[in-house]
Structures are given as C-alpha cells and as structure tokens.
Protein chains: 2
Amino acid sequence: HSTQESESDLTTTLLKLCADRSFIAPGEVHTRALRHGNSCSYGPLGKDLKKNILDQWWNSITRSKAQVFGIDTLQHVPNDAGSLKLVDTSAFGQIINNKDLTKSQVVDRLQQLLHHSSSVRTNLLQGALEQCLPSLELVKRKLPFGLAETGVCHQLLDQNKAAIGCSSERTEASLVWFCSPRTASQWLDHWTRQRLKWWRKFALSPSDFSSSDVVEAELQGGASRGVQVTYRFPWGSEPLETLWNLGESELLKTHGNARAKLQCKDGRKLVVPHVVAVNGNMDRGVLAYLFNSLQLEKKGSGKQRIHQRKVLKLHPTLAPVKVALDMGKGATMELRQVCEGLLTEFLEADISVWPGYLEPQTLDQLHTKYDEMGVLFTVMISENTLENGLLLVRNRDSTIRETMHISEVKTYLQKYINAAENI
Amino acid sequence: HSTQESESDLTTTLLKLCADRSFIAPGEVHTRALRHGNSCSYGPLGKDLKKNILDQWWNSITRSKAQVFGIDTLQHVPNDAGSLKLVDTSAFGQIINNKDLTKSQVVDRLQQLLHHSSSVRTNLLQGALEQCLPSLELVKRKLPFGLAETGVCHQLLDQNKAAIGCSSERTEASLVWFCSPRTASQWLDHWTRQRLKWWRKFALSPSDFSSSDVVEAELQGGASRGVQVTYRFPWGSEPLETLWNLGESELLKTHGNARAKLQCKDGRKLVVPHVVAVNGNMDRGVLAYLFNSLQLEKKGSGKQRIHQRKVLKLHPTLAPVKVALDMGKGATMELRQVCEGLLTEFLEADISVWPGYLEPQTLDQLHTKYDEMGVLFTVMISENTLENGLLLVRNRDSTIRETMHISEVKTYLQKYINAAENI
C-alpha cells in the first residue's frame, strides 16, 4: 500500500466506500456488523462478491475429492438446551397478559412454550455429524469422506458490547471430514495447506493471509489440535477459517454412543471415524478480500491538491462486475441499441455486466466510480463503433485503454478471466 | 404415467425413494416437512438438486434484464411486531427462575427482553422494499428495475396441525420489480409468462404446471391483483410461485410515507414506483420436480412377479448427478486408476460425477439404484478399456448402451447437457 494513512482512516475509508458503492446497505448497523465479521444486508455489489467467494469455496471443496458430498440442513433444531430459541410472540403475549394466572402458572406455561420452541443452529458441525450415519451407507462405510455445507448460523451478541438478548447472524462454510484415526492428523495438515492456498489464490497481498496453531488453552469442542487461517486487518489478525481435529467424541455423542452403528473399514480393522472440522466465516472473508484489494493511489502532483484514486483491485474471479458498458453523453438511439446488444451477449455468456450507458456522467466520474466498484473493464462505445466496429476497452489495473473490434470483446474478456482463475 | 397406483401410493413411493436415495435425511420429520412444502435436511442428492433449481432460477431472473440486481438481506430484523422472535434462553431462564421477583416484575422484564430480541423474517419482500432507496441512486431513478434474493424465511406452523409455538423454515426466491404505475399490470403479465415458461422448461410433463389468477378474497398485502403458478401434486394443486401487483402502498409504508424520496422519472412525470412482487417456494419446487420426473415402469412380463422400475427422469440441467463411473467387480488397480483419472476430468469440467467404482455391486443393482437417483449416464469401464480405450455409456432415459472412446466421453456429455438446456 502506497499510503501513509493511519489504520483507523483506512478502515473508515473502506467501510464508507462499501456503503457508497452498494456493497452493503447504508446505515451504521450494517457497517458495524460487517466490521465485526457478521452478516449485514448486502447491496448488489456485495451480494455478487459474497456469492463469488462462496461459489469458489464450494468448488474448491467439493471438486477436490470424489468423496465430498454437499448437504443442506435445517436452521431450526430440536435442541432443548439451545442458547437462542424461536418464540411465538403471540402465544407468549397470551401467557404474560393473562391476568388470571398466578406467577407460578405463568412460569410453568412459559417453560412449556419454550420447550416446544425450536432452537436455531449456531454452527454447521452438528448437522453434518447427524448426517454422518445415512452418508455411511452412501460410501459403503469406506473412509475418508466429507460433508460440505454453507449457510446462515445464529449467535448471541457478546453481552459486553450489546444489549442483553441481541443476536447476530453469519454465513459459514463447513467441511466435516470423516477419516480413520490413523490419518486424522495428516488430514488436518492437508486441509490446512489446501485452505491457506485457497485464500491466498485470490489475494492481492497473499502474505496478509497466514495460518497458525491454536494454543492449547483455546481448543474447543474436545479438539486435540486446532489451526486457524487468519487475515491481518488494520486493527489486528482475525480468524477466517478454523480447522479442528475433533477425534471421535462429538460424533459418538451425537449418535448416543452407538459405536457399532458408526463403524467403518480401515484396512482390516473396524473403527469409529475421527472428525476433522473445517469452518469458515464467509462474511469476514468478504471483508478480508475488500481490505486486501483496496489500493489508494495519489493522483495529481506538485502543490496541487492531491486527490486519492481508490481502486478495489479484486481478483478477476471475485470481482462482482466484470465489465461496464458506456457510450458517453448525448448518444443516439442507434448507439444505445449497440450497447444493449453487447449487454445481452455478455449476460448470455455469464459475464456480469454493468449497464453504465444508462448513467449520464462524465468519463472521469465514471472511471472513479468503476474503480471503487472494482469493475474489471470499461467498454466505451462511440460513433466510431457504428462506422468501423471499433471500441475502447479500459483495464482497471493498468488503466490502459485498448482499441478492439466489437466482435472480439467477449472472447477477450473470457480469456482474461479464465487465465486469472487458472494461475 | 404408466401406472395404476393410487395417489397416496405414489406419494409414499416418492417420499421413500427420496429418503433411500439420499435426497433427504431419513426420518418422519424430514419427510413430513418436504411433503408440506417446507425445508427439510437435504442429503447430497437433494442438496444438488435444490442448488441446481436455485441456480437456474437466479440466472433466469438476473440475466433476463440488465436492471435486475441481487441483494442479500438479514434474517434477523428489528421488528417489534414480528410473529417469531429469537430469545436468549439464558436471560429468559434468569428472569423466570428468580424467586425474588413478583409476577408483575417477571412480566415487565420478560417484555423488556422480548423488546430487545430480533424478529426473524417471514418473507423476502420487506428486505427488498428497504433496499429500494439506495438502489434508486444506483439506477439514477430510472424505472423499471428489480431486486432479487433467495434465502431462508421462517414461519410459525399452523396451530391446527402442530403444537403451539412450533416453527418451520422455507427457502424462498424473490424478485421485487419496481416500475411505473402505468406499466405495472403489463409487467405482472410479463413476469407471469416468464415464470410459467421457466417452470415448464425443466418439466417432463409441462402441463402439470399452470398459472391462474388469485381470487379477490385471497389477495394479500394490499395487492390489486395476484397470479399463482401451481403444480398438480397427487393430492391437489399447490402454489409454487406467486406474483402480486402491490401498487405503491407497501413501499410507502416501509419508508414512512416519504413520497419525495421515492420519486422516479416516468417520461416527464415524477412517480412513486409501483411494486410487482414475485415469490417462489423453492422447497415445494424441489418436490414438484421430483414428482414430475418420477416414472414407474413395469419390468418383467407374463405371470412372473412384476417388478417396478423407478426412474427419476429429472431434466439434464437439474439432475444432481450427471454421470456415474463404474468398473464392475474384481477390477484391477490399473482399472481403478483409469476411473480416477476420468473422475478428475469430469470434476474439472464441472460435470457432477458419482464415484460408483467404489461400490461392489452387480450391474443390475447399480442400474436400479442410479435410475432412482436420476443419474443421467452410467459409464462402464472394463478390461477392454485398457486395451482399446473403449467403454460403455448407458443413457438413463433410453436405457441404450453405446460404445464410445474414452477421449470422447466428456465432450459427448457436455454437448448432451448443453443441448437439453438450450431447447
């Protein structure tokens, strides 16, 4: 980063840009949620960025091995001891507003109501542990295999930071890997390497992503070992993805210690699978890639007032908008039709395109805006295009404008994006 | 359908098949949830089927027009009047178990706790109405434009059918279309045609999907008109997707009647956008396509005991597994390596593949199983393949086996799937 800005300025700049450029919904509540690694309401740009990250996560996990299966479990779980429960407010109101009930009757009925209410899941691990049993049939009790899921989980907010009872949500991505006890430790290493490599693949500064062992005092859920993939945010490092070697205890607990039902072949021996759990916070992942891709560049020189050029140099695969189509001010109906034709061509080729030609702005305003949106290419169509089919294609990262024939643009963009993905 | 089975038998057969073949998790609770159009825990096959349906829905909506933007809003909403609230059970317990509190103190504190607790969303409409305002800037106040979202919504279960306080969840898909008052009615017709065409595109019996107007008495949310796309299940028709012409009232209500803030250009006039809301229940959509694709065929003839061949003739685009790889019993290590190589090739080409070679079963057992899974093609590798590169490819729908060279299989499958998608 070529800037001298302080850490908090950088954070302010990025979060403001996110709200201004439709990555997240405006308002303090959304900015704060994203800043703390929780879900916020995402606007069009943020939605597509998050979708691209989740799609890449999914592909990297489910296509890496034949024995990884996707599942989709419920958010409502029949867990009597859950920390958050979904309560029917009208039934609740009828009980507490009933003047004829004594205190102990009110308490009894409320406890009944709570007992019938579903808990909401706080992680994706439990759902996968439950689906282990039917999946064993699927894989003919051969280890290893994995169950993958992405979805929303619910948490109580830390009571020191918020009013009592406040909750938050988070999009998590989970791989639960069932393997033989002999190999669990090697698998933890394997997935750690795979995950760190994945996060770095899409990074502008890969060294901001790193992995480290969790110290013994912080091991959770009976884990014998834990590793975190962390990102160095301006305010310090925070975990993006955590990997635990959980042994067999959680799986046994989930299935009432029915050891025989869980047994799998490991060579000639029968074993209860050991569990390696990989769990990512994908909202914090979105924030990490936003920070990682933000470049602040000085514009203008000498004693002129210095403007900052803000560019989100998001990886071509992750960039929510690959190309914006423009035609400058006062264009004719004919030009507009050319734009619409090209737009349809891009949409059909699954290239996400921004209908910039609908916006009457100067070229400079457009480039500033598109750089902040992380738009990979800007295509400028002009009267020229009508005459000879030529148009200008501007590259976000090099800022270089190239002349290209309209019939070549789609293939050029596809090749550029594919090349970046396969490096 | 070539069967004489009664309606309830057909339902039983399908739901059993879903549990047996890993579409849904085993257990009455999941079968019942799916049967009633709610989310259940999906196993690997169901997860991929649902994902394919959702992906197709998303593409058909967001790529149909340049002015459709995706959003991703929160499940927790600060709505004091919500019917379901997320309650912190430990704070709740501390209040009702406090012996020192009088009844009115308990009631006061519980009301406070409930007041601080978030509601959960029951639909996707509200989130889109809230994001209308920032989106107006994005589109320079030009109509029409749309906001699309898919995600989980939460409902109270009907108290006649369940214990008080029980809740369910559902994956919904929503397009909220903002347009000029003049054109709202035409847009409703446009989206109705588009949606019906979409549902029928993937159907084996398209006539089971139809659309009809909602009668006036059942119009919801201040709608002036409503249309339903329904599916004819064995027990009767149920709505898959509903389209409402909501006028301006819901949008105005969401933004505190701030008419000036919402105004958009409609030719020379300034207007508050009218809202056409399209909302689909994608869990019921999964069920509809499962029923629609199930074919029961008699096997064997004469006085022999008649076996039923059950085939899920899911559309090639929706089928969760496109190809299964097999090599028969007692195969050599060399053959297994060929299988693994081909599997990797398929995975890299984004063709979902089933590692059937891991399962030591007879050919007949495999075909029965794969037909019930809706597997499009079965590729059989044999000693022959090692000698001359030839293998057998069986088509689910025709049951015909073709000999093909190993180098051609991938391209053949890709062409087949693409052709089916583009009909």
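Author: By class, the lining of the largest cavity comprises ten nonpolar, twelve polar and 16 charged residues; here Ala, Val, Leu, Ile, Met, Phe, Trp, Tyr, Cys and Pro count as nonpolar, Asp, Glu, Lys and Arg as charged, and the others, Gly among them, as polar. The model is predicted: local features need pLDDT of at least 70 and side-chain atom pairs count only at pLDDT 80 or more, whereas totals for chains, interfaces and linings use all residues. Residues are numbered from 1 along each chain as its sequence is written, chains are lettered from A and ligands numbered from 1 in the order in which they are written, and side-chain values use heavy atoms, with hydrogens and water left out.

A cavity is a set of points, on a 1 Å grid over the protein atoms alone, where a 1.4 Å probe fits but cannot get out; lining residues have an atom within 4 Å of a point. Grid points are joined across faces, edges and corners, and a volume is the space filled by probe spheres set on the points.

The structure holds three cavities of 30 Å³ or more. The largest has a volume of about 930 Å³. Of the 38 residues that line this cavity, those closest to its centre are A:Leu54, A:Thr150, A:Gly151, B:Leu54 and B:Thr150. In chain A and in chain B, α3 (44–62), β5 (145–156) and β6 (167–179) each supply at least two residues of its lining; helices (H or I, at least four residues) and strands (E, at least two) are DSSP runs, numbered from the N terminus.

The second largest cavity has a volume of about 60 Å³. Its lining consists of A:Trp354, A:Pro355, A:Leu358, A:Glu359, B:Gln67, B:Phe69, B:Leu138 and B:Val139, which divide into six nonpolar, one polar and one charged.

Technical notes: 1 Å grid on protein atoms, 1.4 Å probe; cavity = no way out; pocket = protein on both sides within 12 Å on 5 of 7 lines; lining within 4 Å.
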